[in-house]
Amino acid sequence: MTRSSVQGEDTDEGATDAPDREETVRGDGDNGVEDTGSSTRDDSSDDGEPEGPRPTRRRRRVLRWTAVVLAVVLAGTAGAGYLYYEHLNDNIKQDVLNLGDSKVAAPTPNAAGQTPLNILVIGSDARDSEENQQLGGARETFGSTPLADVQMLVHLSADRSNMSVVSMPRDTLLEIPKCTDPDDGEVHPASEGRVMTNQSLGHGGPGCTVATWQELTGIHIDHFVMVDFAGVVSMADAVGGVPVCVDANIHSRDGSGHGSGLKLAKGTHPVKGEQALQWLRTRYGFEDGSDLARAKAQHMYLNSMVRVLRENATLSSPNQLRRLAEEATAALTVDPGLDSVKKLYDLSNELRGVKPERITMTTMPNRYVGARVEPTEDAERLFRLVREDIALDGKDAKKKPDAEPEPPADPAAPDDEIAVQVRNGTRTDALGTAPGRANTVTGLLADHGFTKAVADPSVLPSEDRTVVRYPSADLEGDARRVAKSLGIPASSVKRSTDVSGVTLVVGADWREGTAYKTPQSDDSIPESAEALNGADDSACMQVNPAFTWS
């Protein structure tokens, strides 16, 4: 196993004022002189810009490396299987997929036996090589614990017809689970309270970032792909340029020399190498100067990159493919499931089949908590759409009713022998816990013959939907039997290591009454997810008049 070494975390895990780093890149008009990052890892913009009002911090750094990494996954390895196969395999670094204790069950196959594919894309800010240090700047952070400053989930539908992309702001506050470093066995305890999600990479490696995502979203992650600064530049060069558009001349540089250095004339221009990195990092100059505008520019770049890789005939040349394959394999760290050119090639073939118009890119809906952000109710709605493999573009074929699942390996025990714990999970952000629900549903189960059902008042979780959980395959039949007796759908029966036996959590969808009614789902994408369709080639970034030139 190989991985850039990481040191112990340098901040109190319970603190919400988590680390940030400034980034610098030499750009047009700076005479080759690097901007200097701040002397501390603070809340300053990664463009080297001074602190501004809190609203301008929105989604900083989100998707900085997104475009190139996803492009590599989509097409970077295509055709490379015959080129220096063993050499390319040796280029690829690998690490453990999941360092957490909890597991999320893989989704149930559809009627055709297909399952979705979820890949977590991670951008590391590691300053662990001369090239990364030159590109990243901030010399005081050289060799320090890397941060997962880009986190993006790529979801390929079970039928392979559509793709959804969900990015998470790196300053999202959440709880990082306990993770064990696979290299030295060091145990990183669960965070004491909420910390920034980008710290997860320093808790043993990318497998802890995967574990953190799974804990938050309930989405089973099949693979991860991680890349660093140098990988962005080298692979952007290999592709040969990606068209981007600005509606006026732009120079992302203020009077004090802060900014990414991006300098472009009005119109559409191909960017590559360090200029591509500047585009992805620019905040000053786009719209209102917030990270919301930066995220929009990054989404536009990603869309354009995908179209280039699908349509540019020059990428079929052996030399172009060889260069792209060399740069891609050398830049990536992956889980063991993607540790060869063959595996990456097979994956790229699956992803390349999705047409741009069926690709939807989003940012996790969030709200401010001081200078940080946290997921909103809309975020959980977005996560549910991904969990249930519902296309974010709204173009799913009308789904047939779910087929009855395959019988469990172990059939259910007699009703009066099934032990069930019932918990009241009816609390929401807007409403308190509905009193007495665990006792009421326990009584209903007793009436149905489940005489070993007991209410558990010691745990008051919060669940949007009523769910029946079970810890192991031998109890799946019992869990299904309990759900069926109350009219709870089979899709709400979940395997989970968070319970020790069959556990029914009464959700906010059943706050009253004795008959459970499956709620009608809102399967539309939340407006706050800021969706952008992959086929939109008309987008053009609005330039702030304070950062234009003539």
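1. Let's start with Q421: its bridge partner in β22 is T503. Strands here are DSSP E runs of at least two residues, and helices are H or I runs of at least four, numbered from the N terminus. Do keep in mind that this is a predicted model, in which local features need pLDDT of at least 70, side-chain atom pairs count only at pLDDT 80 or more, and totals for chains, interfaces and linings use all residues. Residues are numbered from 1 along each chain as its sequence is written, and side-chain values use heavy atoms, leaving out hydrogens and water.

2. Strand β18 (residues 420-424) runs parallel to β22 (residues 503-506), and four bridges join them. Two strands pair if DSSP finds at least two bridges between them.

3. Both strands sit in an open sheet of five, ordered β19-β18-β22-β20-β21, with mixed pairing. Because β19 (453-455) and β21 (493-495) each have a single partner strand, one side of each of these edge strands lacks a neighbour in the sheet. On average, neighbouring strands are turned by 25° against each other, direction ignored.

4. Now the helices. Helix α11 (residues 437-447) lies across β18, β19 and β22, at about 150° to β18. Helix α12 (residues 476-486) lies across β18, β20 (467-470), β21 and β22, at about 165° to β20. Axes are lines fitted to C-alpha atoms, for helices over the stretch in contact, with angles from 0 to 180 degrees between N-to-C directions; contact means heavy atoms within 4.5 Å.

5. Of its 550 residues, 54% count as buried, meaning under 20% relative accessible area with a 1.4 Å probe, protein chains only.

Terms used. Buried < 20%, exposed > 50% of the residue type's maximum accessible area, 1.4 Å probe, protein only.
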